[in-house]
Amino acid sequence: MSYAQVLNSINTMWDGINPSLPIAYRQKFEAEKNAIQREIEQLTAKINQIKGNVDLTAEAQRRMVAEAITQAKTSIDGHMETLIQLTEQLKSELQRQLTPNRPEKIDYGELANLKADLRLVLDSKEPREAINRMAQALEEALTAGDALTTWLLAGSNWPALYLESRGITNPAEWEEVRGKVLVKHASESQLQARNLLQLLDSPKGVGGIISSLRLYANAEIDSLQR
């Protein structure tokens, strides 16, 4: 596949997903993506101009080409970093939408009793059985509209700290189970946020476009160095 075909594939992928993205994010992302493409086009033209200048020695041409490539790489790296930052910011916003809010007023005595009651049940389970039992407690809290328990189990870091004390140090094990419970009780806007998060991470979504853009830019620059 030629570089032009790779770029066309990236743009086709982008055209397919961008209607599903928030307008402000989409516009900023597209501006950075197009800037990377322009950097490659301008670098190609500049190198062709340098190599076509018969008044330059071979050494001067090599030096000027190297300088042009270094400048282009720095600029492209900046655009790539902006793409990543934009995406991480949007992901953080979406995660906040999916995370149960902390109750405005907390009775810390009630909270301490809640933690003690949960530990009383969870400590009697094997560590991974405790994950399932926490999920059951979260399900019960969501069904009952128990805001404090819901926040403790799905909005705070208490579950991760508890599981770490039981030897489970990978938070993804709880997050996966937690997510399955939350999605069953999600509002329409939360479901949309969850779908958008998946699109941002997907190899066929924004994550794939960012990776492909980096590979495309690196491959184009490598070819210009030859």
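Modeller: Buried means under 20% relative accessible area, exposed over 50%, and partly exposed in between, with a 1.4 Å probe and protein chains only. Helices are DSSP runs of H or I with at least four residues, strands are E runs of at least two, and both are numbered from the N terminus. The model is predicted: local features need pLDDT of at least 70, side-chain atom pairs count only at pLDDT 80 or more, and totals for chains, interfaces and linings use all residues. Residues are numbered from 1 along each chain as its sequence is written, and side-chain values use heavy atoms, with hydrogens and water left out.

Colleague: How many residues of helix H6 are buried?

Modeller: Seven of the eight residues of H6 (residues 147–154) are buried, so H6 is largely enclosed by the rest of the structure. The buried ones are Leu148, Thr149, Thr150, Trp151, Leu152, Leu153 and Ala154. Their cover, with contact meaning heavy atoms within 4.5 Å, includes helices H4 (108–122), H5 (127–144), H7 (158–165) and H8 (172–184).

Colleague: At what angle do H2 and H3 pack?

Modeller: Axes are lines fitted to C-alpha atoms, for helices over the stretch in contact, and angles run from 0 to 180 degrees between N-to-C directions. Under 35 degrees counts as roughly parallel, over 145 as roughly antiparallel, 65 to 115 as roughly perpendicular, and the rest as oblique. H2 (residues 23–51) and H3 (residues 58–98) pack at about 175°, with axes 10 Å apart. The pair is therefore roughly antiparallel.

Colleague: And which residues make the contact of H1 with H2?

Modeller: The axes of H1 and H2 come within 13 Å and cross at roughly 175°. H1 contributes Leu7, Asn11 and Trp14, while H2 contributes Arg26, Phe29, Glu30, Lys33 and Gln37.

Colleague: Where do the buried residues of H2 pack?

Modeller: They pack against H1 (3–17), H3, H9 (188–201) and H10 (206–225). Among these buried residues are Tyr25, Phe29 and Leu43.

Colleague: How should I read a nonpolar core?

Modeller: A nonpolar core is a set of buried Ala, Val, Leu, Ile, Met, Phe, Trp, Tyr and Cys residues joined through side-chain atoms within 4.5 Å. The largest here has 36 residues, and Leu21, Tyr25, Phe29, Leu43 and Val206 have the most contacts inside it. H3 supplies the largest share of this core, eleven residues. Apart from it lies another core of 23 residues, among them Leu114, Ala137, Leu152 and Ala154.
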